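Trainee: I would like to go through the labels used for this model and hear what stands behind each one.

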Amino acid sequence: MNVFDIVGPVMIGPSSSHTAGAARIGRVAYKLLGEEAVKAQILLHGSFAKTYRGHGTDKALVAGILGMKPDDARLRQSFQLAQQAGLQFSFTPTHLEGAHPNTARIQLTGASGNQISVQGASVGGGNILITQVNGMPVELTGQYTTLIVLHRDAPGTIAAVTEYVGRLGANICNFRLAREKKGGTAVMTIELDGGLDPAVNREIRKLPNIIGSTMLEPV
């Protein structure tokens with residue numbers, strides 16, 4: 001057990017799971033969208049669905065979607081700030097099969113029309129686990145610099161990406177692969193120690209069989 005587990009995150013209350021974790025999930029969605037959001041459709045599951053108003057989960061999620069961190073003093077005013085920013089948002093309680101009790105699924109639309117769907121859970125102490133991006137299974141915590149690489153499931157593709165990352169001197173601390181079917185679309189989730197220049201994405205996209213690459217900085 002470390003100090004973070006004992007004292008919890010630096011945050012605006014009342015709850016690390018329902019507020020700090022929720023803000024981080026929203027911020028991951030914002031980062032992956034890569035631009036300001038104009039529309040947010042948010043599904044809430046389990047405990048999030050039952051207590052989101054009382055625990056401030058709704059305000060925290062919107063704050064994260066606006067780019068705020070859990071300790072941002074403006075978190076409690078996130079609804080008003082969203083209105084000023086032109087962000088439309090909605091909350092819908094639902095049931096997500098097999099999901100953690102503190103789970104939100106966020107569908108964002110940016111001003112350019114780009115969209116991103118992110119499902120994540122607040123797993124305690126302000127920690128999160130993102131489990132889906134655009135319907136594809138992933139497993140990332142938001143604590144590390146993370147590459148999310150969409151690609152065709154072809155021999156040598158994983159090696160090409162990881163070897164390129166290795167040549168940059170980056171150390172891979174976690175790796176996960178998910179695919180629709182053999183030879184279909186797949187996604188690599190690569191968590192790294194330390195940071196990388198965002199230009200890395202451009203180089204990864206040039207590799208054979210790569211469809212797209214996104215870098216998520218720690219949130």
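Mentor: Two strands are said to pair if DSSP finds at least two bridges between them. The strands themselves are DSSP runs of E with at least two residues, helices are runs of H or I with at least four, and both are numbered from the N terminus. This is a predicted model, in which local features need pLDDT of at least 70 and side-chain atom pairs count only at pLDDT 80 or more, while totals for chains, interfaces and linings use all residues. Residues are numbered from 1 along each chain as its sequence is written, and side-chain values use heavy atoms, with hydrogens and water left out.

Trainee: What makes β8 and β9 a pair, and in which sense do they run?

Mentor: Eight bridges join β8 and β9 in the antiparallel sense, and pairing asks for at least two. One example is Phe175, whose bridge partner in β9 is Ile190. The hairpin of β8 and β9 has five residues between the strands, among them Gly183 with a positive phi near 85°.

Trainee: Which strands does their sheet hold, and in what order?

Mentor: The order is β8-β9-β7-β10, an open sheet of four strands with antiparallel pairing. β8 (171-179) and β10 are called edge strands, each pairing on one side only. From one strand to the next the twist averages 15°; axes are lines fitted to C-alpha atoms, for helices over the stretch in contact, and angles run from 0 to 180 degrees between N-to-C directions.

Trainee: How do you know that β7 pairs with β9, and how many bridges does β7 share with β10?

Mentor: Eight bridges link β7 and β9 (residues 185-193), in the antiparallel sense; Arg152 has Thr185 of β9 as its bridge partner. Toward β10, β7 (residues 145-152) has six bridges, also antiparallel, and Leu150 stands opposite Gly212 there.

Trainee: Why is Ser213 called buried?

Mentor: Buried means under 20% relative accessible area, exposed means over 50%, and partly exposed lies in between (1.4 Å probe, protein chains only). Ser213 has 2% relative accessibility, so it counts as buried. Its strand is β10 (residues 210-216), where five of the seven residues are buried.

Trainee: What makes the link between Ser213 and Asn201 a polar contact?

Mentor: A polar contact is a pair of N or O atoms within 3.5 Å; within protein, one must be able to donate a hydrogen and the other to accept it, and residues adjacent in sequence count only if both atoms are side-chain atoms. The side chains of Ser213 and Asn201 are joined at 2.7 Å. Ser213 also touches Leu147, Ile148 and Val149, among others, leaving out residues up to four places away in sequence; contact means heavy atoms within 4.5 Å.

Trainee: Is Lys206 buried or exposed, and why?

Mentor: Lys206 is exposed, because its relative accessibility is 62%. Lys206 belongs to the loop between α7 (200-205) and β10.

Trainee: What makes α4 mostly covered?

Mentor: Eight of the nine residues of α4 are buried, including Leu61 and Ile65.

Trainee: How do you know where the predictor was confident?

Mentor: pLDDT is the predictor's confidence in each residue, from 0 to 100. The protein has a mean of 90, with 92% of its residues at 70 or more. Over residues 1-14 the pLDDT is below 50, although that stretch has 26 contacts in the model beyond near neighbours in sequence. Where pLDDT is low, the predicted coordinates should not be read in detail.
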